[in-house]
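Subject: Structure handover

Hello,

Here is the structure you are taking over. Please open it beside this message as you read.

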Amino acid sequence: MVAKETKNKKQETGKIEKYDPSKIEPKWQKKWKETELYKFKEDSKKEKYYPLVELPYPSGDLHIGHWFSFVTADVHARVHKMMGKNVFFTNGYDAFGLPAENAAIKRGIHPKDWTIKNMETMTKQFETMGSMIDWSHTTAACFPDYYKWNQWIFIRMYEKGLAYRGKMLSNWCPQDQTVLANEHVENGKCWRCGSEVVQKEIEQWFIKLTEYADQLIWPEPDKNGLSNGVDWPISVRVAQNQWIGKKEGVKIKHKVIGTDLEFESFSAYPAWSWADRYIVIAPEHSIVKKLVKGTKEEKKVMKFVEEMSKKTDLERQETKEKLGVFTGRYAKDPFGGPDMPIWLANFALINFGTGIIRCSGHDERDIEFAKKYGLKTGEAVVKRENGNAATPHDGMGGILKDSGPFTGRDVWEVVPEVINWIEKQEIGIRFVNYHIHDWSVSRQRYWGTPVPMIHCKKDGIIPVPDDQLPVELPYDVDFTPKGKPPLASNKEWMKVKCPKCGGEGLRDPETLDTFFDSSWYFFRYLNPHYDKAPFSKEDAKKLTPVDIYFGGAEHTLGHTLYARFFTRFFKKLGLVDFDEFAKKRVQHGVILGPDGARMSKSKGNVVNPDDVVKEYGADAARVYLCFMMPYDATAPWAPGGMWGTYRFLKRVWDLQYNLNDKELSKTDLFEMHSAILKVQEDAGSTKFNTGVSTLMKWINYLSAKESITPEEYKKFLLLLAPFAPHIAEEIYQTYFAGDKEFKSIHAQNWPLFDEKYLTTESVTIVIQINGKLRDSIQVESTKLKIQSEIEQLAKKSSKIQKYIEEKKILKTIYIPGKVLNFVVA
């Protein structure tokens, strides 16, 4: 087929002559939807593959960062589908949460109406992307047939003792009389009314995450780098283990001199105990008032307590300045040391250990505090090398001194004996402390899953019977803060019969944390309308665990850890037979605004993909998002790069006018099969940028030839299809699909490479004139270093001759094996 014949064919068939994304892309999106091209069909003969992207929050519009998350995953899914796998690729919405409720208050829009509208908008934008998402499996957390199963799961946890009522310090607004999430505390003040936020102990619902803490600790990687048989980033495994923070130590008993008071401190380093010289207590500890009641220190101590109540744990941890106040009390040192002054300190946290810490000269923090307030510190361990004091954190260990029966012993070797000795002397008991705490899931807000519990004066707290689920959210509520949860404003909804005694009861007015919703959605995707359980065991056995999970690093500690916990709970219920919900986790990078800052509507630097598509087309945006940076990198959006990918696609389009049947040379075969292998390896993993780069290199080679064969063009389109699905479909249908029933390029097999063509005796040298590509030549690999011969070969090219005839060559630049550039006058 010659170029002229090709052009005539397009004119005769009425095909689009000029590359015009605005005509091509809507056309094929409509066709794919009509033919249900991407609808998942179960096929036991194929290997299942479940790629997953973290479900988005329906904030109103997708920005280019959302596109980056989903386009790259879509490319990956398409490659695996073409490679013969049965790919299950869908999406949903994390549709409950604070932003919707904020919109209700600020804009006078009901959260449900605002959320549904946003989901419709975002779904259209996903379709504009040209994604292969199967929307028949979609769901959203705000649908009753989804949150019904949130409630079912919560009740099962309650029945097994994992869900319980307890108290915890929370952000409290005294003006609005309500608990605030951390994101609603701005510079220590309530975002709504500006009142100073305090820490107040509030009764709420908890999930006993600590019961699963040991199970959630990642073991050391095996020889293949896997933990629990799955491939998650080492950084995630380490961070989660640190957040769980398991520390084996001792709780040590103390008596307060001159009182009947006793307390326990926690030490993760018991062998250092002989060096401790003072004690610090968390300001919010219940013993504080008892320690200072009626003393001259009471007033200043309680003032310090009040000041600290205005700080969150995180703020206190991040504050470099060490602050404290003396209680006027001393405790007996059970290790025989001098009496220990008892202080309150901002770095002592109630949620670590017992909230009481023994301090020594072996901790930089303790030393800094002691110097500031004139306290003595002790040392009990010296390093072997130079005799200086050792710390538990320096990893160098040392020899104990002045440490009773353990003096002269290696500090690390003796730890188990010290713990046994402490228990034998009845000084304390061994104790395992975790940095992680039970998960507070209560939220005093409206837009979330109602807690499925009933409060009865006679029978206490009773779960809603399963046959009465879901407990649906009422539409009519008062969202403005009145010192109680919004649901409590609907008195008719609150009234309910106790399922046990039949008497009058009240519904629980709180809602569940939205992390509860997102901890298991990937199971619900399997069959979003299944009505016998949260998900079908049979479907889960066929399609889970997830094969690869794409998401952001910001979810290292929250969402992914909770999802791992839920999976283990489901295993306990007999719903699944594995521990880890995803075989592989990959974390995407971040696209910043054009100004280099995080995209934010308030900053005015958000890039709307609709605008990009309007100017360049979805395919160009897809290719640029894959090409602009490595998948896990961070970089600003550079609009100029879009023109480059648009021109790349236009070159792909224009190749159709240069087709000609001829025999492929060895170099042709080398370029083609090398590209197939490289793109398969890169896009089949997450090296999308180098996959695009390979296509660009191949098109440089093809464009420099006098003509290309249909075989080369077809193979190129098959490799391009996952990245730019619309243009690939348009050209494929024109030349390669036939005139009968619709056979999409996206239903074709991935081209195979042949290893015998992956080596070559010749190398392609790109020839440039003043830095612009004008031709390419084949050079034997033995002559790559002989510049003069390469120059002579280049000058024989008819394409080059027209640029150098009757012109002076000012300079010749040669990069061996790659580029020859003639600089001409």
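Below is what was found in it, topic by topic.

This is a predicted model, in which local features need pLDDT of at least 70, side-chain atom pairs count only at pLDDT 80 or more, and totals for chains, interfaces and linings use all residues. Residues are numbered from 1 along each chain as its sequence is written, and side-chain values use heavy atoms, with hydrogens and water left out.

**The core**

Start with the largest nonpolar core. It has 171 residues. A nonpolar core here is a set of buried Ala, Val, Leu, Ile, Met, Phe, Trp, Tyr and Cys residues joined through side-chain atoms within 4.5 Å. Buried means under 20% relative accessible area, exposed means over 50%, and partly exposed is in between, using a 1.4 Å probe and protein chains only. The residues with the most contacts inside this core are W67, F154, M157, F516, F570, W637 and F648. Helix α3 (residues 64-82) gives the largest share of the core, ten residues. Helices (H or I, at least four residues) and strands (E, at least two) are DSSP runs, numbered from the N terminus. In soluble globular proteins, nonpolar side chains tend to be buried together.

Look at F648 next. Leaving out residues up to four places away in sequence, F648 touches V623, L695, M696, I699, F716 and L720. Contact means heavy atoms within 4.5 Å.

**A helix pair**

Now go to helix α22 (residues 666-683) and helix α23 (residues 688-704). Their axes come within 8 Å and cross at roughly 165°. Axes are lines fitted to C-alpha atoms, for helices over the stretch in contact, and angles run from 0 to 180 degrees between N-to-C directions. The two helices, α22 and α23, are therefore roughly antiparallel (an angle over 145 degrees).

From α22, the contact uses T667, D668, E671, M672, A675, K678, V679, D682 and A683. From α23, it uses F688, T690, G691, T694, L695, W698 and Y701. By class, that makes eight nonpolar, four polar and four charged residues. Ala, Val, Leu, Ile, Met, Phe, Trp, Tyr, Cys and Pro count as nonpolar, Asp, Glu, Lys and Arg as charged, and the others, Gly among them, as polar.

F263 lies in strand β10 (residues 262-267). F263 is buried, at 6% relative accessible area. Beyond its neighbours within four places in sequence, F263 is in contact with I252, K253, H254, V256, I279, I287, A331, I342 and I356. F263 and I356 are 93 residues apart in sequence, yet 8.4 Å apart in space, C-alpha to C-alpha.

K371 lies in helix α12 (residues 364-373). K371 is exposed, at 68% relative accessible area. K371 and S762 are 391 residues apart in sequence and 73 Å apart in space, C-alpha to C-alpha.

**Backbone details**

Which peptide bonds are cis? One of them runs from L469 to P470, with omega near 5°. P470 sits in the loop between β21 (460-463) and α14 (491-494). The bond from T544 to P545 is also cis, with omega near 10°. P545 is in the loop between α17 (537-543) and β25 (548-552).

D402 is not a glycine, but its phi is positive, about 50°. D402 lies in the loop between β16 (399-400) and α13 (415-424). D402 is exposed, at 60% relative accessibility.

E426 is another non-glycine residue with a positive phi, near 60°. E426 is in the loop between α13 and β17 (428-433). E426 is exposed too, at 61% relative accessibility.

Best wishes

Methods: Angles under 35 degrees count as roughly parallel, over 145 as roughly antiparallel, 65 to 115 as roughly perpendicular and the rest as oblique.
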